[in-house]
Amino acid sequence: MPLVLMALDDTLLDRSGAFRLWAKGFLDEIGAPQDDLDWLLSVDADGLTARWDLADLIRDRYRLNIPSIDLLEELHEGPLAFERLDPMVGCALQIAADAGLVPVVVTNGQTDRQDSRIRRTGLDRYVADWVISEQAGVSKPNPRIFALAAQKVRMRLGGAWVVGDSPEADIGGAAAMGLPSVWLHRGREWVDNRFAPTRAVGNVIQGLSAIMAAQ
């Protein structure tokens, strides 16, 4: 009965897809050309850019009179309106659970925001539990957050798999613990020569299938 430690953003939930849909509407709203979509996605950097910094970049580029705090709120809340749990991902999680896998979400971020996303999308019905970095007091790739996730479901960390799209936070964390991992490449090439994933697949459904096939 292997433990599966899973990322949230762009793994279980399509954070990038939701941001893209929001960005298209936002550009229309401020009268900016849709050609700027690539720029906005680039500076967002899959959510890695601090929201205050992103708000400042947007205000400066478009010379907006919107207060930074209002734009910050829009950046936080706007994409959430487009975020859904793919029914196929829910189905894959159910099949994995029926096969004996124990999926636990391990995510970096603010507790209230990440917890709300997990519950609002219905993802909470398909995972055993979740650990959020702010509440845990430690972030991926620190092995401690993965150990806390294992403790939360009263399982051993040994033999667990790590699944995620981040080379550093997910696969780097797995490598630090000597655990097998599945990297969701999302069309990217693996370039880190310090460590490598056990499997590289296109999406989380394929990732769960790979783990079940390995049992």
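Analyst: For residue classes, Ala, Val, Leu, Ile, Met, Phe, Trp, Tyr, Cys and Pro count as nonpolar, Asp, Glu, Lys and Arg as charged, and the others, Gly among them, as polar. The model is predicted: local features need pLDDT of at least 70 and side-chain atom pairs 80 or more, while totals for chains, interfaces and linings use all residues. Numbering runs from 1 along each chain as its sequence is written, and side-chain values use heavy atoms, without hydrogens and water.

By class, 12 nonpolar, nine polar and 13 charged residues line the largest pocket. A pocket is an open set of points on a 1 Å grid over the protein atoms alone where a 1.4 Å probe fits, with protein on both sides within 12 Å along at least five of seven lines; lining residues have an atom within 4 Å of a point. The volume is about 910 Å³, counted as the space filled by probe spheres set on points joined across faces, edges and corners. The lining has 34 residues. Nearest the centre lie Asp 9, Asp 46, Gly 47, Leu 48 and Asn 108.

Helices H1, H4, H6 and H9 (167–177) each give the lining at least two residues. Helices (H or I, at least four residues) and strands (E, at least two) are DSSP runs, numbered from the N terminus.

Take H1, residues 15–29. Its 15 residues should span 21 Å at 1.5 Å a residue, and its end C-alpha atoms are 21 Å apart, which agrees. The expected span is 1.5 Å times one less than the residue count. Arg 15, Ser 16, Gly 17, Ala 18, Phe 19, Trp 22, Ala 23, Phe 26 and Leu 27 are the buried residues of H1. Buried means under 20% relative accessible area, with a 1.4 Å probe and protein chains only. These residues pack against H2 (37–44), H3 (51–62), H4 (68–77) and H6 (111–120); contact means heavy atoms within 4.5 Å. After H1 comes Gly 31, with a positive phi near 75°.

The second largest pocket holds about 190 Å³. It is lined by 13 residues, and closest to its centre are Asp 10, Thr 11, Leu 12, Leu 13 and Asp 14. Its lining has five nonpolar, three polar and five charged residues.

Finally, look at Val 105. Setting aside neighbours within four places in sequence, Val 105 touches Met 6, Leu 8, Leu 12, Ile 118, Leu 123, Val 127, Asp 129, Trp 130 and Val 131.

Key
Buried means under 20% relative accessible area, exposed over 50%, partly exposed in between (1.4 Å probe, protein chains only).
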